[in-house]
Number of protein chains: 2
Amino acid sequence: MRKKCVVCGREASIVIERARVGFCKEHFLEYYERMIKKTLKKSGFNGGKVMVAVSGGKDSMALMYALSNVKNELNIDLMALHIDLSIDNYSKESRNIFEKEIKKLNIDYIIVEARDYLGASIPEVVKLVRKPACSICGLVKRWIMNKIAYDMNYDYIATGHNLDDVSTYFLKAMFTYRDDDLLRGNEVISPPRPELKMVGRLRPQIFITEKENLFYCEVNEISYIDFECPLSKGALLKKYKTIWETALKLNPMSQYNFTRSILSIREKMHRDDIKLKPCKICGFPTTASNEICSFCKLKEKIKNSTIDREDR
Amino acid sequence: MRKKCVVCGREASIVIERARVGFCKEHFLEYYERMIKKTLKKSGFNGGKVMVAVSGGKDSMALMYALSNVKNELNIDLMALHIDLSIDNYSKESRNIFEKEIKKLNIDYIIVEARDYLGASIPEVVKLVRKPACSICGLVKRWIMNKIAYDMNYDYIATGHNLDDVSTYFLKAMFTYRDDDLLRGNEVISPPRPELKMVGRLRPQIFITEKENLFYCEVNEISYIDFECPLSKGALLKKYKTIWETALKLNPMSQYNFTRSILSIREKMHRDDIKLKPCKICGFPTTASNEICSFCKLKEKIKNSTIDREDR
């Protein structure tokens, strides 16, 4: 027997397994945007200037659209940011999609190129540094997002972290005994800390799955980049995602419950405030004992390297 | 290529995947007993009067033997306890095995029957009460173990909780959002609290797998009950164990790391001391607000019931 839409009784177009409910397309959109609003409000969000970081993937494209639809109700002054990472066709295509879609929405946007900040493209840096590509790219994006939002006086950066991402990050942290990783980030709201030049973070999709983001894009006819970043192949986090396939068959709420458990445990933990200091070079916050942030260290390394620049 | 014994270089008889080492039979026994000693010592165990609870299964049989072998080094005054649960052939066979094996060891022992304390056998109670059999049986065993060890002036009860059990218990707690369950028990040592009539608990096998316990029994030619309790069929916890099959293929340390993560997180948590009070009926500790413990409630229910007793 096919599921019916829990709202109108028509045939369901999507089933949300963890809640055991189905929705038709129309009521799915309502549900999705209600989830975004509820997640933010329950975490105490009161509105503000929000810069949504859009890679061009399904998660952040869905986020940009949904925030654009609910921005008035949430009292959000919204703007979009796309960072061009210069990863071959992947970045070209991502940028094209972003530019095409942003024009359908009535919001300001900015596009920046990572190499303008870093002095080299991500593929060049990945060749130079013995670290996983996703980890390098992550730190570069975090620094650039914070710098731009801070310089433009935004309160928050909103990112498309979904339930699959966050639950897998936590699972990996526990399966590799890096329990300090359980304490950091990945919450719905990290408040702005202007005294540290740190813009706040919003993760409104933390309880929404990849599958729901995908469907939100499809129903709204939003384009998104549908191939993977060529540098992320074999990323460890992707392997851990397969564990959820087993777990979700057993208990469709397992992923959601696991994530809520971590966030709830965290509330009860003694969290030694991580000591952040301004980086001696860029002035943005760092935990490094020599007070030089990872981004500036990387930039320094690039400056002193002899790699051929693709664009020279 | 077959693994070799990490100690002597002979062909390995068992591989400990999480440590990526192999052992011949002789050096496995050394490793196994070293693990038991190390686990207890690292948790601050200083010796004392220990009553090992032996069901007849591979885990507790291995524990009884290992503790008997290391008791002098650990300054343990050791005694064994078997609780006959009157679960058909399963209990008869378990008791026979216990009686046969205990005679090989130079330690005192006691056998008690659960129905003498409860007023009915476990199968009778399971029919009467709408709770999973394992949960009823667990509470009955915990009460009886504590009573006997307390009355005999023992400091600790040692139980055969293994890594598979404990990790699965924690995983289930997180996947069902019962994060309070993460705070209770399942640690290597729970110290005695004589003021509450509470005997301490030792769980020396918490970082040892089922597979290792099985092999320890085989190498030592220890008999054990090799069929499952007929009442535990379909127990939810067993289903969750299948998740580890997937996870261990990906990362052989995942189960060990996950368990260590929980125990480490717990240390950092604000644990409101659970308020224990003496049960108004039996005097042993309870958290119940009406100050009547689960065991006495169950006993009361049995007394007032009209079930036919098998043994009348």
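Which residue of chain B comes closest to the rotation axis? Keep that question in mind as you explore this predicted model.

**Stop 1: the two chains.** Colour chain A and chain B separately. Chain B can be laid on chain A by a turn of 180 degrees, with a shift of 0.0 Å along the axis and an RMSD of 0.0 Å. The two copies are thus related as by a two-fold rotation axis.

**Stop 2: the axis.** Now select B:Met269, and you have your answer: of the residues of chain B, B:Met269 comes closest to the rotation axis, with its C-alpha at 2.0 Å.

**Stop 3: where the chains touch.** Next, look at the interface, where 24 residues of chain B are in contact with 24 residues of chain A. To find the elements that each give two or more residues to chain B's side, select α7 (163–175), α9 (236–250) and α10 (254–267) of chain B. Colour this side by class and you will find eleven nonpolar, nine polar and four charged residues. Of the interface residues of chain B, 100% are also interface residues in chain A, so the copies meet through the same surface.

**Stop 4: a loop in chain A.** Move over to A:Arg20, which sits in the loop between β1 (14–16) and β2 (21–23) of chain A. Is A:Arg20 buried or exposed? A:Arg20 has 11 inside 10 Å, so A:Arg20 counts as exposed.

Conventions:
Residues are numbered from 1 along each chain as its sequence is written. Chains are lettered from A and ligands numbered from 1 in the order in which they are written. This is a predicted model: local features need pLDDT of at least 70, side-chain atom pairs count only at pLDDT 80 or more; totals for chains, interfaces and linings use all residues. Copies are superposed by least squares on the C-alpha atoms of residues with pLDDT of at least 70 in both. Two residues are in contact if their C-beta atoms, placed from the backbone, lie within 7 Å. Helices (H or I, at least four residues) and strands (E, at least two) are DSSP runs, numbered from the N terminus. Ala, Val, Leu, Ile, Met, Phe, Trp, Tyr, Cys and Pro count as nonpolar, Asp, Glu, Lys and Arg as charged, and the others, Gly among them, as polar. A residue is buried if 20 or more other C-beta atoms lie within 10 Å of its own, exposed if 12 or fewer, and partly exposed in between; C-beta atoms are placed from the backbone.
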